[in-house]
Amino acid sequence: MKLKYFAWVRERIGKAEETIEPPATVRTVEELIAWLSGRSEAYAYAFEKPKVIRAAIDHAHVRPDAAIAGAREIAFFPPMTGG
Amino acid sequence: MSGPVTIRIQEDDFDVAREIAGLTKGRTDIGAVVTFSGICRGDEDSARISALTLEHYPDMAEEEIKRHVDEATSRWPLSGVTIIHRVGRFMPGQNIVLVLTASQHRQAAFEAAEFLMDYLKTNAPFWKKEESATGAGWVEAQARDDEAAARWTRS
């Protein structure tokens with residue numbers, strides 16, 4: 001699946017997108033955040049406050065307990081500040 | 001809804017008068033157009049801002065705004081909606097966002113414009129970064145914006 005990062009999540013991780021295949025034990029958005037956080041200090045820093053992080057699966061907002069099975073694109077970003 | 005929906009995300013500026021004319025041209029069923037323009041402020045909490053950069057998630061931003069417009073048109077009798085959100089780097093005084101809502105009567109147009117802006121602020125994937133004398137930093141989401149959006153939630 002493709003992962004995309006925006007705003008300070010992108011800056012902390014150091015890239016805008018990547019393709020990953022998490023292990024089958026990672027089933028939800030919050031489990032994916034926990035798994036990513038274990039990859040390096042940069043990810044741990046980006047996801048240090050997981051409750052603040054917003055996620056979208058295939059361009060629609062999802063909650064942390066949303067299943068990631070079948071997702072083509074998952075995005076992580078801070079609360080939105082447009083308008 | 002019996003009317004055009006225009007959603008654009010662009011770097012270029014917009015002309016408010018031309019957008020209104022585009023929405024109402026050749027129509028005699030529209031009695032009210034409400035315009036909201038969002039403009040880059042020159043200060044935030046008494047700190048001077050030198051520039052503002054707007055980042056967005058391109059595909060999702062358009063889909064999310066479309067969902068908001070669909071929700072607005074299901075709740076109010078609208079004759080047309082135009083939403084333009086700019087991205088890029090802005091100086092104080094420059095336009096950032098435009099929301100136009102048209103209806104036969106003013107109340108629907110006023111309410112729908114407010115609803116659309118409240119939802120844009122909290123749900124559309126855009127992020128602002130401010131530049132000031134002390135450096136650059138991401139704008140934090142405001143609880144008052146969440147509260148403004150929450151008042152439209154139907155129980």
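**View 1. Secondary structure of chain B in the predicted model.** In this predicted model, chain B is built from four helices and nine strands, and these elements follow one another from the N terminus in the order β-α-β-β-β-α-β-β-β-α-β-β-α. With a radius of gyration of 16 Å, which is close to the 15 Å given by the globule rule for 155 residues, chain B is therefore as compact as a globular protein of that length.

**View 2. Extent, burial and contacts of chain B.** The C-alpha trace of chain B spans about 50 × 40 × 30 Å along its principal axes, and 31% of the 155 residues of this chain count as buried. When contacts in chain B between residues at least 6 apart in sequence are considered, 74% of them join residues that are at least 24 apart.

**View 3. The open five-stranded sheet of chain A.** Five strands of chain A form an open sheet with mixed pairing, in which the strand order is S2-S1-S5-S3-S4. Strand S2 (17-19) and strand S4 (60-62) of chain A are the edge strands, each of them pairing on one side only. On average, and with direction ignored, neighbouring strands of this sheet are turned by 25° against each other.

**View 4. Pairing of strands S1 and S2 in chain A.** Strand S1 of chain A, which comprises residues 2-5, pairs with S2(A) in the antiparallel sense over three bridges. At the level of individual residues, A:Lys2 has A:Thr19 of S2(A) as its bridge partner, and the strand to which A:Thr19 belongs is an edge strand of the sheet, S2 (17-19).

Technical notes:
Residues numbered from 1 in each chain as written. Chains lettered and ligands numbered in written order. Predicted model: local features only at pLDDT ≥ 70, side-chain atom pairs only at ≥ 80, totals over all residues. Helix = DSSP H or I, 4+ residues; strand = E, 2+ residues; numbered from the N terminus. Rg over C-alpha atoms; globule rule 2.2 N^0.38 Å. Buried ≥ 20, exposed ≤ 12 C-beta atoms within 10 Å, placed from the backbone. Contact = placed C-beta atoms within 7 Å. Pairing = 2+ DSSP bridges. Axes fitted to C-alpha atoms, helices over the stretch in contact; angles between N-to-C directions.
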